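Biologist: I would like a close look at a single part of this model, followed by a connected account of its surroundings.

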Amino acid sequence: MQIVLFEDARVDQLAPVTIGRPAFSITCAGWRLDELLRGAFGAVHAAVRPHLHDVYGADAPDSVLGDSIGGPALVVNARIAPTVANLRRLEALPKSPHRGLFLQNDRVVAALLGAGVRMPIAAGDVERTLLESPLDRHLVSDFALFEYPHDILHEHQSAFGDGLALRLARGKFQQTNDGVFIGEGVQLGSHLVADTRQGPVVVDSGTVLGPFCYLRGPVYIGPNSRLNEHAALKDAACLSHTTKTGGEVECTIIEPYSNKQHHGFLGHSYVGSWVNMGAGTSNSDLKNTYGTVNMTYGGAKVVTGMNFVGCFIGDYAKTAVNSSIFTGKTIGAASMVYGFVTSNVPSFVNYARSFGQITEAPVDVVISMQARMFARRNVVQRPCDAELLRAMFERTRGERAELGELSSEPPAF
């Protein structure tokens, strides 16, 4: 059976997380959706938004969907959270007597196409094609989907334990102490303390842990990462591959190639790829009133119902030394922040609001920075990587327009 992932019209509601990545590439509960489904079904194909097509095609050429979907096929909404519970629901669909569309809150969460069914589609328009088809409709209500960025954190907290159990079942890990599992080539620093009473500590292959680290499970550290001396990871901290981490990190997802190497607190947050957090950067994840946190997305207030909500940082963002990020704030892709972050930060800006300065970050400067970052990690910058940044810059013009006319000069300090 062919497995097809598609992005629907609400994927942009997940900005800044999805400005430069498909929704199925969001890490949550220790997995990405495409990775989770590939392990269960084998090959996975995907239709992505047009501006992501070249990069996705270069990264996963065998996964790019053509101009049609042919049955038998299971078509899956990319906003489905990559939890084990959702995986089991998807695995059960082909065994059900029903074929057609599975709708939840008027959105297509999945579709099951029988043998011989073929549907022409256009990238970024799969849901409309499905809704215009004569396929039968079936209502479902038990899938967890990402509607807003804070949903990533909510699902991660509730499903991380099951996600780690599945990773241990699928992977090759050696248990060194009660609840501590390591992959091949892991180097454990001296005087490591691991508290596994609330969940396991899983350290994937090729990772190096410095001395005097404290790990309170559940914790996952991805392959080829580095944990600096005296680092503390706690309570559902999840680091993707090729990350460098120090200081205190609690209940936070960090995507590949991002650095938080120095002291400072990062809690109940999501950090995209190729992010660098300067020494002393810290965020707040709890209001002084101890009340629930409200987020602001696109100028609209959204009630999270959660007491602990930190920040959501887009790909390629940077924070200066001693930056302080207030509760429930978003930082846009490729932005650089300085001082106090008291409001949401648009993409591609130099944000120094506490110093009275907000300027636009020119895309050519960001592309040059990307090349230097890639080189430090022995990653080759391809034309499609630079073009993706240009597309991200154009797609986020509206965010910056709300600030009025911006200078392209960097902050004057």
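Leaving aside its neighbours within four places in sequence, which residues is Arg-49 in contact with?

Modeller: Bearing in mind that this is a predicted model, Arg-49 is found in the loop that runs between strand 2 (45-47) and helix 2 (53-59). Once neighbours within four places in sequence are left aside, Arg-49 is in contact with Glu-7, Val-11, Asp-12, Thr-18, Arg-21, Pro-22, Ala-23 and Arg-395. Arg-21, one of these contacts, also takes part through its backbone oxygen, which lies 2.9 Å from a polar atom of the side chain of Arg-49. The relative accessible area of Arg-49 is 7%, and because buried means under 20%, Arg-49 is buried.

Not counting residues up to four places away in sequence, Ala-9 touches Arg-107 and Glu-127, while the C-alpha atoms of Ala-9 and Arg-99, residues that are 90 apart in sequence, are 23 Å apart in space.

The crossing is left-handed, and in it Glu-35, Leu-36, Gly-39 and Ala-40 of helix 1 meet Leu-166, Arg-167 and Arg-170 of helix 5. By class, this contact has 3 nonpolar, 1 polar and 3 charged residues.

Technical notes: Residues numbered from 1 in each chain as written. Predicted model: local features only at pLDDT ≥ 70, side-chain atom pairs only at ≥ 80, totals over all residues. Heavy atoms only, no water. Contact = heavy atoms within 4.5 Å. Left-handed = near helix turned anticlockwise from the far one by under 90°. Helix = DSSP H or I, 4+ residues; strand = E, 2+ residues; numbered from the N terminus. Nonpolar A, V, L, I, M, F, W, Y, C, P; charged D, E, K, R; others polar. Buried < 20%, exposed > 50% of the residue type's maximum accessible area, 1.4 Å probe, protein only. Polar contact = N/O pair within 3.5 Å; in protein donor to acceptor, adjacent residues only side chain to side chain.
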